[in-house]
Each structure stands twice: as C-alpha cells, then as structure tokens.
Amino acid sequence: MTRILSLYVEEDTLVHKIDPINKILYIIVAVAVPVILPYGPTGLVFIFISAVILLASKVFKKVIPLIEFSFLILFSIVVIQGLFHPGNRVVAFNIGRFKFYREGLLYAFTLSIRVINILVAFSVLVLTTKPSDLIEALVRKGLSPRFGYVLSSTLQIIPQMISTVGSIMDAQRSRGLETEGNLAVRIRAFFPLIGPVVMNSLIETRERAMALEVRAFNSKEKKTFLNERKDIRSDRVILLGLLFILVLAIIFRVFL
Amino acid sequence: MERIHNFELNEKFINIYWYEILQKFNSKAGGDIMNKRRLWSFSFTTATLVLIPAAVGINYIGKLFAGVLKLPLWIDSIGTALASMLSGPIVGAISGAINNIIYGLTMDPISFVYALTSVAIGIAVGIMAYNGMINTLWKSIIAGVVVAIVAAIVSTPLNVIFWGGQTGNVWGDALYAYLIAHTVPIWIASFFDEIVVDFPDKIATMIVAFLIFKGLPKKLIQIYQGGEKIEKLD
C-alpha cells in the first residue's frame with residue numbers, strides 16, 4: 001500500500017493522544033515566549049521542556065537525525081560569526097592565527113538556541129501526530145474540507161512520485177540516456193527524466209478532478225467525520241495552561 | 001415564463017463573451033490566454049485544487065532528480081512556477097506555501113518560514129505569465145532573473161533572522177564570510193550570498209518550466225483558464 005509522507009512514530013503514550021491543536025499551540029508558545037522574554041535561558045528552558053516531552057512520548061531517538069541535519073550549518077555559523085561578526089571586540093580565544101571573538105560567538109549561540117528550540121518544539125508535534133489526525137483536527141476547527149483534501153493528497157502524492165523515480169531512471173538509461181559524466185551531460189539528462197513525470201502528473205490532475213467531482217467534492221453540505229473524537233480531560237487543562245503561560249510572559253515583559 | 005436571475009448563468013455568458021474578445025486580441029502566446037478579470041481570483045475549481053498537490057510533487061521530484069544527477073542547484077520550484085503559469089498567482093502562491101508547510105511538517109521544520117519565499121515566487125511567476133513573459137525562451141530567462149531577485153529579497157531577512165545571514169550553501173556562505181570579513185554589512189553580504197545561488201537556480205527553473213509548459217496539451221491548459229464554469233471535463 002502507499003505510504004504517507006510523515007515522520008510519525010507509532011507509540012501509545014499520553015502525548016500521542018493529545019489534541020493536535022494543543023500541540024500547535026505549544027509550538028506557538030515555545031517559539032513566542034523566548035521572543036517576548038528575550039533571554040537566552042528562556043530558549044534553553046523550552047528546549048528542555050520539549051526534550052522531556054519527547055522522552056515521555058518515547059520518540060526522542062527520532063529527533064537526533066533532525067538535529068544533526070542542522071548541526072552542520074550551525075557549526076559553520078558559529079565559526080563564521082566567531083571570526084567575522086561585525087562588532088567583534090573582545091577576543092574569547094585563539095586557534096593558531098585565528099581569533100574567535102566573544103560577541104560573534106554569543107550571537108551564534110543565541111541563533112543556535114533559537115533554531116534548536118524551533119526544531120524540537122516542532123518535533124513534539126510532528127513525531128507524535130498522525131498527519132491525517134492533524135488535518136482532521138484542523139478541519140474540525142474550521143479549515144475548508146477541500147483544503148484538508150489538498151494537504152492529505154500532497155502527503156500521498158510525494159511517496160508515489162518517489163517510487164517512480166527509480167523506474168524512470170532505469171527506463172531512460174536503457175534507452176541510451178547518459179546520466180553520468182561532466183556537468184553538460186548531466187544537465188542534458190535532466191529533461192528526459194523530469195519531462196515524463198511532470199507531464200503525467202499534470203495530465204493525471206484532469207482525471208483526478210473528474211473523480212472528485214463525481215464524488216461530490218464541491219458539495220456545500222456539512223461533512224461528517226469517520227472518526228469519533230475522544231476528548232481527554234487533560235486537553236482542556238493543557239490548552240488553558242499554555243494560554244496562561246503565554247499571557248504571563250506578555251505581562252512579565254510589559255510590566256517589568 | 002420565469003426569468004432566471006441566476007448569477008452564475010449570467011456570469012457564464014459574460015465570460016464567454018469576454019473570452020471571444022480576448023481571443024481576438026491574443027498575441028503569439030500559443031493559446032495560453034488568461035482571462036483578464038481572473039488574475040487575482042480566489043475562487044477555486046476542483047481542477048485548480050487538484051493542481052496544488054501535483055505542483056508540490058513536481059517541486060519535490062525536481063529536487064530529487066537534481067540530487068540524483070548531482071546538479072549544483074536546488075531546482076525545487078518547478079511545480080510552483082508551473083502552477084502559476086497554468087492557474088495564476090494565487091494558486092501558485094498557495095502551491096508554494098503548501099510545499100513549504102509539508103516539507104516543514106515532514107522533513108525540516110525550518111522550511112516552514114521559507115514558505116514566504118515560495119509564495120513570493122508563485123506570485124511573481126503568476127504576474128509575469130499573465131503579462132506574457134513566458135511566451136518565448138528568452139523572455140522566460142528574463143522572468144527567471146526577476147524571480148531570482150524577488151526570491152533573494154524575500155529570503156534575505158529570513159536568512160538573517162534564523163541563520164545570521166547564511167544560507168547553508170557552500171559557495172554562498174564562502175562569499176558571505178569573505179564579505180563580512182571585509183566589513184560589508186550583514187544584510188548586503190547575506191543578499192549576495194542568496195543571490196549567487198538564486199540566479200542560476202531560478203533561471204534554470206524558469207527554463208525548465210517554460211519547456212514543460214510549451215509541451216503541455218492545449219486541452220489541459222484550457223481547463224485552468226478561469227472564467228467559464230466548467231461543466232464537462234472531457
């Protein structure tokens with residue numbers, strides 16, 4: 001069967017059962033509060049909280065590849081800003097000829113905290129929520145079902161297209177397409193490869209549109225849901241708790 | 001006999017009337033007429049909604065093939081460009097936004113914020129396509145230059161906020177490091193970092209999109225031209 005494009009990890013923890021909307025709210029709070037209260041430590045606090053949540057939902061290991069991905073860029077930022085950041089005054093340390101300045105390093109570290117904070121906060125949502133549940137939650141809250149469809153079908157289309165890549169490359173190669181060599185050769189190879197895929201997928205849209213029309217896609221009737229939504233008690237608590245933290249942060253900033 | 005005050009029926013007749021007139025004034029575009037009243041339309045037909053996932057898929061596949069062939073470019077906006085050419089700036093912008101939202105949720109959360117760049121690309125291509133800038137190869141290349149500049153302008157603030165001005169691309173960042181080492185302000189250095197990568201990338205994207213667009217069957221293009229209410233899709 002076709003996979004859906006997602007990072008969802010199937011586990012049976014409390015975090016998995018929480019309303020996806022609350023998780024979205026968590027992301028907003030985790031990103032906004034360190035901006036409202038601009039202290040580096042706030043970001044670290046939220047990173048810690050997110051890490052705890054991830055551990056509690058047994059998906060912590062899956063975050064590591066995501067962070068590794070950004071590590072390379074962050075490392076290069078630390079190096080480049082440490083060396084060249086405008087406003088560098090105080091030398092932090094030397095490596096050989098190269099002087100690393102405190103201002104640049106501090107700037108780079110603040111950036112890194114921000115990036116990692118966003119990453120882990122998003123991971124809380126992404127690793128513990130089935131995409132279909134997320135989209136359903138949004139549609140319940142008022143997103144047009146037609147756009148819910150657009151999101152769902154995107155998640156299905158991409159794995160489909162990925163699976164055709166191998167066979168298209170083989171097919172074109174067997175017809176004599178050169179895919180290795182100098183840059184000019186490779187550039188020329190690009191067109192016969194994406195050409196058929198793109199044409200096909202666009203032409204398919206016509207049939208897909210027909211299929212949807214036949215199934216009353218544009219009907220203005222109120223839609224019903226296949227799944228029953230089980231509200232768990234903690235949903236309310238979490239929602240109010242998150243809003244409380246957000247308001248608290250704003251008050252803190254405005255009055256102190 | 002009852003008068004039918006059906007707005008949609010009237011609209012359909014008016015649109016067909018305009019359609020005929022525009023056809024007479026249409027230049028060498030090769031059949032791709034955009035109904036003048038519909039450039040900024042927010043009404044989506046089923047066909048345009050179905051175009052959006054296809055556009056995101058095409059974006060992804062472009063990136064995939066560029067990776068497989070080890071091309072030094074991203075080429076991840078072909079779908080957005082095609083969606084704009086077929087269906088206008090709004091649909092192109094939405095395709096771009098959903099593209100980044102999906103990437104953000106399934107691969108790399110930071111892609112989320114760069115949805116702004118994709119939206120800008122969609123709008124830029126849509127406006128230019130509507131003004132006939134994709135009729136010939138040379139015009140498409142110029143369109144690519146414009147798109148590159150737009151994309152760089154929108155991306156630079158994002159780059160500065162999140163990455164201190166860098167882009168993650170080796171050549172661009174090397175240039176960035178060189179520039180700020182020579183006391184060029186961060187914003188300018190970042191802009192050059194971005195544009196050095198965006199120029200070849202977006203020009204190539206527009207060339208590819210142009211070639212594909214020209215190869216599409218007319219029947220397909222007509223479906224996406226706004227105006228008439230679509231009664232039959234065959």
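Two strands pair if DSSP finds at least two bridges between them, and strands (E, at least two residues) and helices (H or I, at least four residues) are DSSP runs numbered from the N terminus. This is a predicted model, in which local features need pLDDT of at least 70 and side-chain atom pairs count only at pLDDT 80 or more, while totals for chains, interfaces and linings use all residues. Residues are numbered from 1 along each chain as its sequence is written, with chains lettered from A and ligands numbered from 1 in the order in which they are written.

Q: What makes β1 and β2 of chain A a pair of strands?
A: Four bridges join β1(A) (residues 91-95) to β2(A) (residues 98-101), and at least two are required, so the two strands pair. They run antiparallel, with A:Phe93 opposite A:Phe100 of β2(A). The hairpin has two residues between its strands, and A:Gly96 takes a positive phi near 60° there.

Q: Why are α2(B) and α4(B) called oblique to each other?
A: The axes of α2(B) (residues 46-68) and α4(B) (residues 89-106) cross at roughly 50° and come within 9 Å. Axes are lines fitted to C-alpha atoms, for helices over the stretch in contact, and angles run from 0 to 180 degrees between N-to-C directions. Angles under 35 degrees count as roughly parallel, over 145 as roughly antiparallel, 65 to 115 as roughly perpendicular and the rest as oblique; the pair is therefore oblique.

Q: Which residues make the contact between these two helices, α2(B) and α4(B)?
A: From α2(B) come B:Thr48, B:Leu51, B:Ile52, B:Ala55, B:Val56 and B:Asn59, and from α4(B) come B:Val91, B:Ile94, B:Ser95, B:Ile98, B:Asn99 and B:Ile102. By class, eight are nonpolar, four polar and none charged. Here Ala, Val, Leu, Ile, Met, Phe, Trp, Tyr, Cys and Pro count as nonpolar, Asp, Glu, Lys and Arg as charged, and the others, Gly among them, as polar.

Q: What makes the orientation of α7(B) to α8(B) roughly antiparallel?
A: Helices α7(B) (residues 170-181) and α8(B) (residues 186-215) have axes that cross at roughly 155° and come within 8 Å. That angle makes α7(B) roughly antiparallel to α8(B). Their contact comprises 10 nonpolar, two polar and three charged residues.

Q: How many residues of chain B are in contact with chain A, and which element gives the most?
A: Contact requires C-beta atoms, placed from the backbone, within 7 Å; on that basis 44 residues of chain B touch 54 of chain A. Helix α2(B) gives the most to this side of chain B, with 16 residues. By class, the side has 32 nonpolar, nine polar and three charged residues.
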